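Hello,

Here is the structure we talked about passing on. Please have a look, then read my notes below.

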Amino acid sequence: SFSQPCTTCGGRGSIITDPCETCRGTGAVRRNREVKVRVPPGVSDGQRIRLRGRGGAGRNGGPHGDLYVTVHVAPHPLFGREDNNLTIVVPITFAEAALGAAIKVPTLDGDPVTIKIPAGTRSGRTFRVRGRGIESGGRTGDLLVTVEVAVPTKLSPEERRAVEALAAAAKESPRAHLGV
């Protein structure tokens, strides 16, 4: 033999002969309500925040359940994110890449930082600025700055002559290792 709750009353011990229109005898009503949620700093996209006791009513007079809020973080126009690190792509000129330069880079808190670009920097190189990322769980990430050499689409006559002079003065081919 086995025991199971009564199929008529559901184990409550009483039968509602005239249920109300709102709850249909369940004793609980579904309704929308506004809940204020404190979102901790450094929360990531898709992370769930648990609010204890803010969910639906419990069965048979039991305690309220938990409410889970899924966070969706909107993308930033300048910065990307990898864990607690912020990423940004900064364009530099050919002269800055070839000769080296000090450039200013924006940060999330608004105070720009200056990073030194060494002479001969290739497009796609990433520089790390420690401690300028996202703070989460007592740890702060870094700002990862990737530089890309911006190639001009239109050259003035002076610029064209300067580039042609550079090409004429170049002694080695970047494709020499290909053997063609």
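**Aromatic rings**

Searching the whole structure gives zero aromatic pairs. Please keep in mind that this is a predicted model. One ring does have a charge over it: the charged end of Arg 48 sits over Tyr 68, at 4.3 Å from the ring centre.

**The nonpolar core**

In general, nonpolar side chains in soluble globular proteins tend to be buried together. Here the largest nonpolar core has 17 residues. Those touching the most other members are Ile 88, Ile 103, Val 105, Ile 115, Ile 117, Leu 143 and Val 145. Two or more residues each come from strands S4 (85-92), S5 (101-105), S6 (113-117), S7 and S10. S4 gives the largest share, four residues.

Take Ile 103 as an example. Leaving aside residues up to four places away in sequence, Ile 103 touches Val 90, Ile 92, Glu 96, Val 113, Thr 114, Ile 115 and Ile 117.

S7 spans residues 126-129. Its covered face carries Phe 127 and Val 129, while Thr 126 and Arg 128 are on the uncovered one.

S7 pairs with S10 (residues 143-149) in the antiparallel sense, over four bridges. Val 129 has Leu 143 of S10 as its bridge partner.

Thr 146 is also in S10. The side chains of Thr 146 and Thr 126 make a polar contact of 3.0 Å. Beyond four places in sequence, Thr 146 touches Ile 88, Val 89, Val 90, Gly 124, Arg 125 and Thr 126.

**Arg 132**

Where does Arg 132 lie? The residue is in the loop between S7 and strand S8 (135-136). Is Arg 132 buried, partly exposed or exposed? Its relative accessible area is 24%, so Arg 132 counts as partly exposed, because buried would require under 20%.

Two polar contacts of its side chain stand out for a check. One joins the side chains of Arg 132 and Thr 107 at 3.4 Å. In the other, a polar atom of the Arg 132 side chain lies 3.3 Å from the backbone oxygen of Asp 111.

Not counting residues up to four places away in sequence, Arg 132 touches Leu 86, Thr 107, Asp 109, Asp 111, Val 113, Gly 141, Asp 142 and Leu 143. Arg 132 and Leu 108 are 24 residues apart in sequence, with 7.9 Å between their C-alpha atoms.

Best wishes

Methods
Residues numbered from 1 in each chain as written. Predicted model: local features only at pLDDT ≥ 70, side-chain atom pairs only at ≥ 80, totals over all residues. Heavy atoms only, no water. Buried < 20%, exposed > 50% of the residue type's maximum accessible area, 1.4 Å probe, protein only. Pairing = 2+ DSSP bridges. Phe/Tyr/Trp six-rings, centres within 6.5 Å; stacked < 30°, edge-to-face > 60°. Lys NZ or Arg CZ within 6 Å of the ring centre and 35° of its normal. Core = buried A, V, L, I, M, F, W, Y, C linked by side-chain atoms within 4.5 Å. Contact = heavy atoms within 4.5 Å. Polar contact = N/O pair within 3.5 Å; in protein donor to acceptor, adjacent residues only side chain to side chain.
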